[in-house]
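Please find below some short notes for your reading of this model. Keep the structure open beside them and check each point as you go.

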Amino acid sequence: MNEVTRIATAIRGQVPDKAIQWIIGQSAHETGFKGKPWNSPVYLNLNNGFGMIHPRKRPTLSTGPGSRTQPGIEGGNPYATYNNLEDSAKDLVLWLNYNKINWATINTADQYVAWIKKKGYFGATEKSYLQGVLSWIKQLKIPVTPKSAAIGGAVVVIAVLAYYYFR
């Protein structure tokens with residue numbers, strides 16, 4: 001199973017379908033290294049798919065802080081360590097909920113990136129971060145609703161139609 005599928009599966013049902021694409025693009029952007037997503041030392045060594053630092057207050061799925069000798073420690077805080085990419089993705093959802101995201105007011109990648117910037121998630125400019133996320137979405141051809149969710153929805157529609165047709 002590739003990273004796109006692993007992230008989509010981990011967060012499905014916890015965020016709106018529209019946001020799955022943005023979150024996958026976010027992970028690819030955060031872990032991009034030498035032109036490849038999910039190739040950064042933080043991801044490869046700590047299973048950290050979102051560049052999350054180990055939290056001091058909020059609930060987390062992190063197994064602990066990474067070594068301070070890991071590259072790219074932001075602001076003197078160590079990156080979080082996870083058992084796997086799925087836990088890392090679920091921890092991002094915990095962070096979003098802890099920061100009280102209101103999905104009803106966020107309908108585009110631009111709005112999502114503006115919101116996480118406002119909450120202090122990244123230090124880059126909003127424009128450059130958004131360009132990175134959108135670039136990975138396009139490059140990886142991430143569908144708005146990942147295929148497995150679309151297939152699941154199609155199965156439900158077919159089942160409902162069959163029920164009404166054959167009863």
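1. The crossing of α5 and α6 is right-handed. This comes from a predicted model, as does every other point in this note.

2. Two packed helices are described by the angle between their axes and the distance between the axes. For α5 and α6, the axes come within 10 Å and cross at roughly 130 degrees.

3. Next, look at burial within α5. A109, Y112, V113, W115 and I116 are buried. They lie on the same side of α5, because they cover an arc of only 160 degrees around the axis.

4. What covers the buried residues of α5? The cover includes α6, spanning residues 126–140, together with α2 (17–31) and α4.

5. After α5 comes G120. The phi of G120 is positive, near 85 degrees.

6. N107 sits in the loop between α4 (85–98) and α5 (109–118). Is N107 buried, partly exposed or exposed? Its relative accessibility is 46%, so N107 counts as partly exposed; the cut-off for exposed is over 50%.

7. Leaving aside residues up to four places away in sequence, N107 touches K18 and W22. With K18 there is a polar contact, made between the two side chains at 2.9 Å. Another pair to check is N107 and P16: they are 91 residues apart in sequence, yet their C-alpha atoms are 9.8 Å apart in space.

8. Last, the whole chain. The protein chain has 7 helices and 2 strands, and along the sequence they follow the pattern α-α-α-β-β-α-α-α-α. Of its 167 residues, 41% count as buried. Among contacts between residues at least 6 apart in sequence, 58% join residues at least 24 apart.

Conventions
Residues are numbered from 1 along each chain as its sequence is written. This is a predicted model: local features need pLDDT of at least 70, side-chain atom pairs count only at pLDDT 80 or more; totals for chains, interfaces and linings use all residues. Side-chain values use heavy atoms; hydrogens and water are left out. Helices (H or I, at least four residues) and strands (E, at least two) are DSSP runs, numbered from the N terminus. Buried means under 20% relative accessible area, exposed over 50%, partly exposed in between (1.4 Å probe, protein chains only). Contact means heavy atoms within 4.5 Å. A polar contact is a pair of N or O atoms within 3.5 Å; within protein, one must be able to donate a hydrogen and the other to accept it, and residues adjacent in sequence count only if both atoms are side-chain atoms. The arc is that of the directions from the helix axis to the C-beta atoms. Axes are lines fitted to C-alpha atoms, for helices over the stretch in contact, and angles run from 0 to 180 degrees between N-to-C directions. A crossing is left-handed if the near helix is turned anticlockwise from the far one by less than a right angle, and right-handed if clockwise.
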